[in-house]
Amino acid sequence: MTQKQAQAQTQTQTHSTVRAVNHLTARWAARAASGGGGTVLTAAGVWPLLALLADGSAGPARDELAQALGIPAEDAAAAARELLAALDGVRGLCAATGLWAAADLPLEEGWSAKLPPGSRGTLTGDLEGDGKVLDGWASDRTGGLIERMPVTLRPDTRLVLASALALTLKWAEPFREFPGHVSDGPWAGRSLRQLVRTTSSLAPVRVAEGPAGPVTILAVTGAEDMDMDVHLLLGGPAAPAAEVLATGIAATRGALPSVGGDALPDGSAGPGLGSRRWTRSARSPGCA
């Protein structure tokens with residue numbers, strides 16, 4: 001196999017992994033982005049954990065994990081490492097996966113050897129000391145944006161699995177902030193801080209058709225030293241947020257898994273999606 005053929009095969013495998021991750025995000029959106037509250041969700045963080053577990057599992061658990069992942073279990077460990085490496089190369093994004101097992105909990109050596117470098121830790125049984133280690137990991141891997149690990153250790157805790165995603169963005173064209181009063185829509189009657197910017201080009205705007213009708217997609221370009229753009233989605237007044245998000249994921253599938261969130265309480269405005277502009281880049285400053 002030539003180098004060019006190997007690169008093409010790797011790119012195909014990466015795109016297959018991204019499609020699987022986005023499919024899981026869309027499935028979650030159908031449940032999470034509903035009701036009256038807001039939410040933020042992505043499968044990009046938990047997917048590698050599920051993939052690593054699938055690689056070491058057997059029986060019904062292996063089948064269930066493979067179904068959730070959308071790829072065969074025997075391919076899962078390599079796909080997880082590949083995805084984490086891709087996320088790690090995005091400027092502005094901190095991504096990490098960690099696993100801590102009790103000191104007396106035996107793990108298969110063959111499975112442990114496939115874990116990403118630096119992801120394996122040990123729980124000593126000292127709850128205070130272990131808690132500080134987990135908090136330090138969370139802070140280090142997110143550039144200080146997440147100061148504490150959201151887990152409570154107990155004397156019978158045998159295994160802790162964690163993933164962290166922290167994104168810092170700058171815009172190619174900065175927004176201006178001003179106070180404003182909303183006269184209609186779900187936030188009618190509220191005084192809010194609003195963001196505005198002006199452009200003469202309609203190129204960043206397009207419309208996608210979905211099950212709940214048309215969805216307007218606005219691409220907000222990141223700064224030159226960023227690898228991320230954001231797509232803002234807006235559905236009709238009666239469009240469920242889950243369907244707006246699913247339409248946006250389908251329309252903006254690129255080279256990086258999607259992140260979504262329901263922005264408005266009645267779901268009339270859809271989520272923001274992340275996509276990467278694939279450029280050569282150095283590691284993001286501030287990420288351990």
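Modeller: Start with Trp-137, which has a relative accessible area of 10%; the cut-off for buried is under 20%, so Trp-137 is buried. Keep in mind that this is a predicted model.

Biologist: How many aromatic pairs are there by the ring rule?

Modeller: The count comes to 2. In one of them, the ring centres of Trp-100 and Trp-137 are 5.1 Å apart and the planes stand at 90°. Planes over 60 degrees apart count as edge-to-face, so this pair is edge-to-face. Trp-100 lies in strand β2 and Trp-137 in helix α6 (residues 127–141), so the pair links parts of the chain 37 residues apart. Trp-100 is also buried, at 5% relative accessibility.

Biologist: Which rings have their centres 6.0 Å apart?

Modeller: Those of Trp-171 and Phe-175, with planes at 80°, so this pair is edge-to-face too. Trp-171 is partly exposed at 29% relative accessibility, and Phe-175 is partly exposed at 29%. The ring of Phe-175 also has the charged end of Arg-197 over it, 4.9 Å from the ring centre.

Biologist: Is Arg-91 buried or exposed?

Modeller: Buried, because its relative accessibility is 18% and the limit is under 20%. Arg-91 is in the loop between α4 (76–88) and β2 (93–102).

Biologist: What does the side chain of Arg-91 reach?

Modeller: The backbone oxygen of Glu-224, at 3.4 Å. A polar contact of 2.9 Å also joins the side chains of Arg-91 and Asp-227.

Conventions:
Residues numbered from 1 in each chain as written. Predicted model: local features only at pLDDT ≥ 70, side-chain atom pairs only at ≥ 80, totals over all residues. Heavy atoms only, no water. Helix = DSSP H or I, 4+ residues; strand = E, 2+ residues; numbered from the N terminus. Buried < 20%, exposed > 50% of the residue type's maximum accessible area, 1.4 Å probe, protein only. Polar contact = N/O pair within 3.5 Å; in protein donor to acceptor, adjacent residues only side chain to side chain. Phe/Tyr/Trp six-rings, centres within 6.5 Å; stacked < 30°, edge-to-face > 60°. Lys NZ or Arg CZ within 6 Å of the ring centre and 35° of its normal.
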